[in-house]
Amino acid sequence: MELQVVDGGEEVEYDRVDLVEQSWRHERPDIDVSSFGIVTRIWRIGRHLDDKRKQLLTAMSTDRGSMDVLAMLRRSGRPYRQSAGQLTRSALITSGGVSQRLDKLERAGLVMRSVDPDDRRRVDVQLTDEGVELVDAVLAELTAQDHHTLAAALEPHEQEMLRSLLRKLLMSLEPEHDD
C-alpha cells in the first residue's frame with residue numbers, strides 16, 4: 001500500500017488493484033475499467049478468506065466439504081436429521097458426491113445413517129453427539145476469526161454498509177430460489 005495526496009491535501013491509500021486499473025486506463029482509455037476495482041478486490045478478498053478458512057479447518061481436522069454437510073444438519077435443528085435427498089439438493093453436488101461425504105463422516109463417527117421404516121427408499125442422516133460438538137467448535141472458531149478480520153479493517157457501520165451492498169450485488173447474480 002502506498003499513500004498518495006489527492007486534491008484538497010487528503011491522503012488516500014492505493015493498493016495493487018489501483019495500479020492495475022491505472023495501467024489499463026493508460027493503455028486503453030477507451031474502455032471503462034472501473035469494475036476491476038470492485039470485482040478484482042472481491043475475488044482477492046475471497047481468496048484470502050478462503051485460505052484462512054482452509055487453514056483453520058485443517059487445524060481442526062476437517063474440511064469444507066465435510067463441514068458443509070455437518071452444518072446443514074446442525075442448522076436444521078433438533079434432532080439434526082435430514083434425508084440424503086434433502087442434503088443432495090442443498091449441497092449442490094451430485095448424489096454420488098454427497099454419498100462419498102456421508103461415508104467419510106459416518107466412518108469418523110460424526111453422522112449416522114438409517115433407512116426410514118415407512119419408506120425403505122429414503123435414507124435419513126443424523127448428526128451424532130460428536131458431530132454436533134465438532135460443528136459447534138468449528139462455528140465458534142470461524143466466527144471469531146471472521147469477526148477479528150472484519151474488526152481489524154472496518155468499523156461496525158462500515159461492516160453493515162458492506163453487508164448491505166454485497167447482499168444487493170449477490171441478489172442480482174443469484175436466482176431467488178438459491179439458498
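## Ground rules

Keep in mind that this is a predicted model, where local features need pLDDT of at least 70 and side-chain atom pairs count only at pLDDT 80 or more, while totals for chains, interfaces and linings use all residues. Residues are numbered from 1 along each chain as its sequence is written, and side-chain values use heavy atoms, with hydrogens and water left out.

Helices and strands here are DSSP runs (H or I of at least four residues for helices, E of at least two for strands), numbered from the N terminus.

## The largest pocket

Rolling a probe the size of a water molecule over the atoms shows where empty space is left. For volumes, grid points are joined across faces, edges and corners, and the value is the space filled by probe spheres set on the points.

By that count, the largest pocket holds about 1,500 Å³ of space. It has 27 lining residues, and those closest to its centre are Arg41, Ile42, Ile45, Leu154 and Leu162. Helix 1 (16-27), helix 2, helix 6 and helix 7 each put at least two residues into the lining, with helix 2 giving the largest share at 11 residues. Sorted by type, the lining has 14 nonpolar, five polar and eight charged residues (Ala, Val, Leu, Ile, Met, Phe, Trp, Tyr, Cys and Pro count as nonpolar, Asp, Glu, Lys and Arg as charged, and the others, Gly among them, as polar).

## The second largest pocket

Helix 3 gives the most to the second largest pocket, with seven residues. The lining splits into 11 nonpolar, two polar and eight charged residues.

## The nonpolar core

A nonpolar core is a set of buried Ala, Val, Leu, Ile, Met, Phe, Trp, Tyr and Cys residues joined through side-chain atoms within 4.5 Å. As for "buried", that means under 20% relative accessible area, with exposed over 50% and partly exposed in between (1.4 Å probe, protein chains only). The largest such core has 23 residues, of which Val69, Leu70, Leu73, Leu87, Val111, Leu127 and Val138 touch the most other members. At least two residues of this core come from each of helix 2, helix 3, helix 4, helix 5 (95-107), strand 5 (123-127) and helix 6.

Which residues does leucine 73 contact, leaving aside its neighbours within four places in sequence? With contact meaning heavy atoms within 4.5 Å, the list for leucine 73 is Tyr80, Arg81, Gln82, Leu87, Val111, Val125 and Leu127.

## Salt bridges

A salt bridge is a side-chain nitrogen of Lys or Arg within 4 Å of a carboxyl oxygen of Asp or Glu, and the whole structure has 13 of them. Take arginine 53 and aspartate 146, whose side chains meet at 2.4 Å, N to O. Arginine 53 is in helix 2 and aspartate 146 in helix 6 (residues 129-153), so this pair ties together parts that are 93 residues apart in sequence. Arginine 53 is partly exposed at 34% relative accessibility, and aspartate 146 is partly exposed too, at 22%.

Aspartate 50 and lysine 54 form another salt bridge, with their closest N and O atoms 3.4 Å apart. They are four residues apart in helix 2 (residues 34-59), so about one helical turn separates them. Elsewhere, glutamate 106 pairs with arginine 113 at 3.0 Å between the closest N and O atoms, and Asp15, Asp18 and Arg41 are linked in a salt-bridge network.

Threonine 62 is in the loop between helix 2 and helix 3. Is threonine 62 buried or exposed? Threonine 62 counts as buried, because its relative accessibility is 11%. Beyond its neighbours within four places in sequence, threonine 62 is in contact with Leu57, Met67, Leu134 and Val138.

Glutamine 159 belongs to helix 7 (residues 156-173) and is buried, with a relative accessible area of 17%. Not counting residues up to four places away in sequence, glutamine 159 touches Leu150, Ala151 and Leu154.

Terms used
On a 1 Å grid over the protein atoms alone, a cavity is a set of points where a 1.4 Å probe fits but cannot get out, and a pocket is an open set with protein on both sides within 12 Å along at least five of seven lines; lining residues have an atom within 4 Å of a point.
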